[in-house]
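Dear colleague,

Please find below the structure that I am handing over to you, together with its sequence. My findings follow after it.

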Amino acid sequence: MKLIGVMGLVEDTEKIRKLFKDHGVHIFSETEITGHTICELEKHGWWPSRDIPAYSRLHFAILPTERAGAILDAIAGLPDKKEKEDECAHPIRAFQVDVERMV
């Protein structure tokens, strides 16, 4: 089993939900997060203000290893992932970690 996390901008939410649906993920969670880039820090100052709204989401699910790998492979192949590799871009990103035990 794997825990996957998929981070994207709020406007990527439907794309991520569709990706989960297309890969048979029927149970997942999501939460708003505030991410920062060097570009944003230069724009708003090093110490972020609480006035900056959360504009990112973290979607996560616990899945069989094969399904988790397939989702990460799909994210790696997204056109916007390849086009947005500069430090100021906000491509969809994902990670996976082992789940040793789940009850």
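A residue is called buried under 20% relative accessible area, exposed over 50%, and partly exposed in between (1.4 Å probe, protein chains only). By this rule Arg17, with a relative accessible area of 29%, is partly exposed. This is a predicted model, in which local features need pLDDT of at least 70 and side-chain atom pairs count only at pLDDT 80 or more, while totals for chains, interfaces and linings use all residues. Residues are numbered from 1 along each chain as its sequence is written, and side-chain values use heavy atoms, with hydrogens and water left out.

Overall architecture

The protein has four helices and four strands; these are DSSP runs numbered from the N terminus, with helices being H or I of at least four residues and strands being E of at least two. Read from the N terminus, the order of elements is β-α-β-α-β-α-α-β. Of the 103 residues, 33% are buried. The protein exposes about 6900 Å², of which carbon and sulfur atoms supply 55%; accessible areas come from the Shrake-Rupley method with a 1.4 Å probe, and for residues only the protein chains shown count as cover.

The sheet

The four strands form an open, antiparallel sheet in the order β2-β3-β1-β4. Here two strands are said to pair if DSSP finds at least two bridges between them. Strands β2 (29-33) and β4 stand at the edges with a single partner each, so one side of each has no neighbour in the sheet.

Strands β1 (residues 2-9) and β3 (residues 56-63) pair over eight bridges in the antiparallel sense. Within this pairing, Ile4 has Ala61 in β3 as its bridge partner, and Leu3 stands opposite Ile62 in β3. Strand β3 is also joined to β2 by five bridges. Six of the eight residues of β3 are buried, which leaves the strand mostly covered.

Salt bridges

A salt bridge is a side-chain nitrogen of Lys or Arg within 4 Å of a carboxyl oxygen of Asp or Glu. The structure holds six of them. One joins the side chains of Lys2 and Asp98, at 2.2 Å from N to O. Because Lys2 lies in strand β1 and Asp98 in strand β4, this pair ties together parts that are 96 residues apart in sequence. Lys2 counts as buried at 13% relative accessibility, whereas Asp98 is exposed at 58%.

Another salt bridge links Glu32 and Arg57, whose closest N and O atoms are 3.9 Å apart. Glu32 in strand β2 and Arg57 in strand β3 are 25 residues apart, so to speak distant parts of the chain. Glu32 also stands opposite Arg57 in the sheet pairing, and Arg57 is buried, with a relative accessible area of 19%.Glu14 and Arg17 form a salt bridge with their closest N and O atoms 3.0 Å apart. Both residues lie in helix α1 (residues 13-22), three residues apart, about one turn of the helix. Glu14, Arg17, Glu30, Glu32 and Arg57 are linked in a network of salt bridges.

A loop residue

Gly35 is placed in the loop between β2 and α2 (38-44). At 24% relative accessibility, Gly35 counts as partly exposed.

Yours sincerely
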